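This report describes a protein model in terms of its chain contacts, overall dimensions and packing. The sequence and structure are shown first, and the description follows.

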Amino acid sequence: MKNILDLTIRETSDLLFSKQIKAQELTQAFLERAHGVNKKLNSFITICGGTALKQAKKVDELIANGQKLNSLAGIPVGIKDVFSTKDIKTTAGSKVLENYIPVYDATSVNHLFNANACIVGKTNLDAWAHGSSGENSDFGPTKNPYDLSRVPGGSSSGSAVSVASGSCLAAMGTDTGGSIRLPASFCNVVGIKPTFGRVSRYGVIAMASSLDCIGHFTKTVYDNALVLDVTIGEDGFDSTCIAQKQDVYSSDIEKGVKNLKIGIPKEYFENLDQRIKRLILEAVKKLEKLGAQVEDISLPNTEYGVATYYIIQPSEVSSNLARYDGIRFGKTREKFGSEAKRRIILGTYTLSSGYYDAYYLKAMKVRRLIRNDFVKAFKKVDVIICPVSPTTPFKLGEKTSDPLQMYLADIFTVTANLAGVPSLALPCGFMNYLPCGMQIIGPDFSEKLLYQVGHAYEQETKWYRVKPKI
Amino acid sequence: MKYEPVIGLEIHIELATKTKMFCSCSAEYFGAKPNTHTCPICLGLPGAMPKANRKAIEFTQKFGSAIGCKLLLSSKFDRKNYFYPDLAKGFQVSQYDLPFAAQGILEIKTETENLKKVRITRAHLEEDTGKLTHATINNRRVTLVDFNRSGVPLMEIVSEPDMESAKEAKLYAQKIRQIARYLGISDADMEKGSMRIEPNVSLRKKGSKELPSYKVELKNINSFKFVEKAINYEIERQSKILDQSKVPEQETRGFNEQRGITVSQRSKEFAHDYRYFPEPDLPLLNFTDGQIEKIKSVLPELPDEKYQRFIKGFNLSAYDAEILTREQKTAEYFEEAAKAGEKARISPKVIANFIINQKPDTETVLPADLVSRIYQKTKTAYVSDEELENIVKKMIDENKKAVQDFKSGKNAALQVLVGAVMRESKGNIDPQKAKAMLKNLLTN
């Protein structure tokens, strides 16, 4: 038998339900792995063995009683430390919340508990989810398991790394400007940024509320669909979580891509690193061979993405961080790191009277144009394929002294957040032994289609089998 | 006076919904143990999100409609960012450019009995803050926060600067309170803090049409009496400054009730920049014409309409109608009593007088009982003159001795006859009237 740490959720679930392994053994193995690699990778802020084992014991009992359970039952899951977890410390990666223990669970965490998933720990992140490399964490940077001298991408750095390193089989993340897709791309895992409003944001510490999306990481596309099946749903606590027909994402995943129209937006490939361009276009070729049609398209307002994003996002950040005023959560405002301070100052400025029209309001108008680009494109094509990042994982410290360079790491990802459309990031190969990902973007609520396309490609390549050597 | 006051009012009214504005905690915080009506949402815990209270929106739309405002078909919530220890999230969810109701007109009757139109800028909805208490505990001076009030729905009504005296401002505020109570959306009790008034006061040269270049906002006023006092003090204070050819400072001043003066709290340089922006956690709210029409159609009879109906329908004087319609409860009580009075042939006017002068306890005395009480006291009026004459004549016949005595000059004998008439009528006759008739019949 293969090492149980190397399996997918689908395979593990089969073993559990056929009683070949016990959830407790499984959890124990993952907890050991998590503890074992955490010193090197620093992917967890908190490892919660007790909670996970308790849940695993319950799952074993339910299976012994012949209960029909969700595919996630007994599956070890990591949670980005920005999700409120009852009685489990939730820091947002910042010393400001170093000792904050929530009294309630985020809706998505609740969904996971209801599916009997086992929460093995709270994963590391750039403080307040501000960052593209994981280096902004007040609890130390997370390392890329494929090269410990490189960043894993951020801000959901710990979640991507915990899946890539076999410390859990799925991990929750948030994506405001690429915070799931970028680390997925840097760590050879699958990450979904669902449509804005698809998964409840309630209980997730807000970064920029109008852009924040709740998603997750897994090794495979199918596993990814299994998790989204559990986390979606209208929520009475999140008014922006839209009542929509509930898709079952894991069914019909093998539908294929015959006659599917794939758009290649030229703006994302101009001046792109030739090696990354080649990997992505090879992937597109594979899909073409499987029956898809490829078409060149244009998303003309792409160039305004980062500028627009860096007005709207800090504006909302400045408001969302106001509650950490030193009165209620134990630590004072001096504990804010420099990136949070930078965004608070930027956002406070752009919202000031006299500047609001020139910055925030203007940015909101450009945001509309960017969305219109996508809406228009999806009248011609079914999905869009483009790179996730202009580079492969960069060296730790390489960009920390130049915030603008760091911001540009999000150049290909912020547009989907501004437009609100879903995007699936998945591995498309390696460059000098470093992972590289691509994103498949679709119209609002087209996650099912994205999974079908992603799965078709993954069957041809199975990049997830390339494990990091830690 | 050479100056003319220019006064506008910002009035906050807490809405009497069961739950808070953005969560399901009870909104009835008055007298509750501190921090017992709280949850992650109204405590502003990390990750919590608001969910708008539909009832509070409906109340605001009702009120807006009642003060003649247009109800907007598209409205939204915005964040008003400022720091204060009683503000859990570091911002207040309020409304900026798309309030639920805008551009109304409210008619008030001034001290000179003239009708005056006050323009209403807007009525919008926001959330109340927590409450700070300064105390000394274990010899340490501390500030305690109670979040029970945090998130209670708060409606703000902003008027144009149309009031010209402290009295007018008070009358306007009282009218706002009256309408809020009529609609049953708040007890609008200033002492309990469920209604708060912040006047903006400035002065201009008499006859000038322009708005002054400054305004002074007055805070910490918790009764109608103090509204008048604070404004009058402010008018005097600003006059003195203007007399010296200076311009009063644009600032916020608090009213000190012990000393009866206003004291500077915050000057223009320290004015907040609230950095309003649309609340990203609450989607735009759209209403159909049908929904707006429905809100208007379910409005109860408002004070002005009731007042007119009382004058026309019950033949009351303007004075009586005004007093009876001041509070909806009194008006309803009167109407029920008037109905009961119809059967007993007691006129609405008599009932109105009785309610206004005797001030019966409307809580304990049923309207029907009130009518029989009035009947007891006034039924004399219902023994007709004809009947009375019959009784008097009968008594004259039956009391020959007394008649004789009277005619021979014994005036006291008349009392004997009056007593006999009263007995015969079982007390249902006005003794004065009986006496007059006896005298009349015996002397002619």
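Two residues are in contact if their C-beta atoms, placed from the backbone, lie within 7 Å. The model is predicted. On that criterion, 23 residues of chain B are in contact with 32 residues of chain A. The side of chain B that touches chain A comprises 13 nonpolar, 4 polar and 6 charged residues.

**Chain A as a whole**

Chain A contains 14 helices and 11 strands. Its C-alpha trace spans about 65 × 60 × 45 Å along the principal axes. A compact globule of 470 residues would have a radius of gyration near 23 Å, and the 21 Å of chain A therefore agrees with that expectation. Of the 470 residues in chain A, 61% are buried. Among contacts in chain A between residues at least 6 apart in sequence, 78% join residues at least 24 apart.

**Helix α2 of chain A**

Helix α2 of chain A covers residues 23-41; its 19 residues, at 1.5 Å a residue, should span 27 Å, and the separation of 25 Å between its end C-alpha atoms agrees. Its buried residues include A:Leu26, A:Phe30, A:Leu31, A:Val37 and A:Leu41, together with A:Arg33 and A:Asn38. Among the elements of chain A that cover these buried positions are helices α1 (9-17), α3 (49-64) and α5 (157-164), as well as strands β1 (44-47), β2 (76-80) and β3 (118-123). Just after α2(A), A:Asn42 adopts a positive phi of about 55°.

In soluble globular proteins, nonpolar side chains tend to be buried together. The largest nonpolar core in this model has 217 residues, and those with the most contacts inside it include A:Val77, A:Val120, A:Val453 and B:Tyr172. Helix α2 (residues 166-182) of chain B gives the most to this core, with 9 residues. A second, separate core of 19 residues includes B:Ala331, B:Phe334, B:Ile346 and B:Ile374.

What does A:Val77 touch, not counting residues up to four places away in sequence? Its partners are A:Leu112, A:Ala117, A:Cys118, A:Ile119, A:Val120, A:Cys168, A:Ala170 and A:Ala171.

**Domains of chain B**

| Domain of chain B | Residues |
|---|---|
| Domain 1 | residues 3-294 |
| Domain 2 | residues 301-381 |
| Domain 3 | residues 384-443 |

The C-alpha centres of domain 1 and domain 3 of chain B lie 68 Å apart.

Technical notes:
Residues are numbered from 1 along each chain as its sequence is written. Chains are lettered from A and ligands numbered from 1 in the order in which they are written. This is a predicted model: local features need pLDDT of at least 70, side-chain atom pairs count only at pLDDT 80 or more; totals for chains, interfaces and linings use all residues. Helices (H or I, at least four residues) and strands (E, at least two) are DSSP runs, numbered from the N terminus. The expected span of a helix is 1.5 Å times one less than its number of residues. A residue is buried if 20 or more other C-beta atoms lie within 10 Å of its own, exposed if 12 or fewer, and partly exposed in between; C-beta atoms are placed from the backbone. Ala, Val, Leu, Ile, Met, Phe, Trp, Tyr, Cys and Pro count as nonpolar, Asp, Glu, Lys and Arg as charged, and the others, Gly among them, as polar. Domain bounds come from an automatic or database domain assignment. The radius of gyration is taken over C-alpha atoms; the globule rule is 2.2 Å times the number of residues to the power 0.38. A nonpolar core is a set of buried Ala, Val, Leu, Ile, Met, Phe, Trp, Tyr and Cys residues joined through C-beta atoms within 7 Å.
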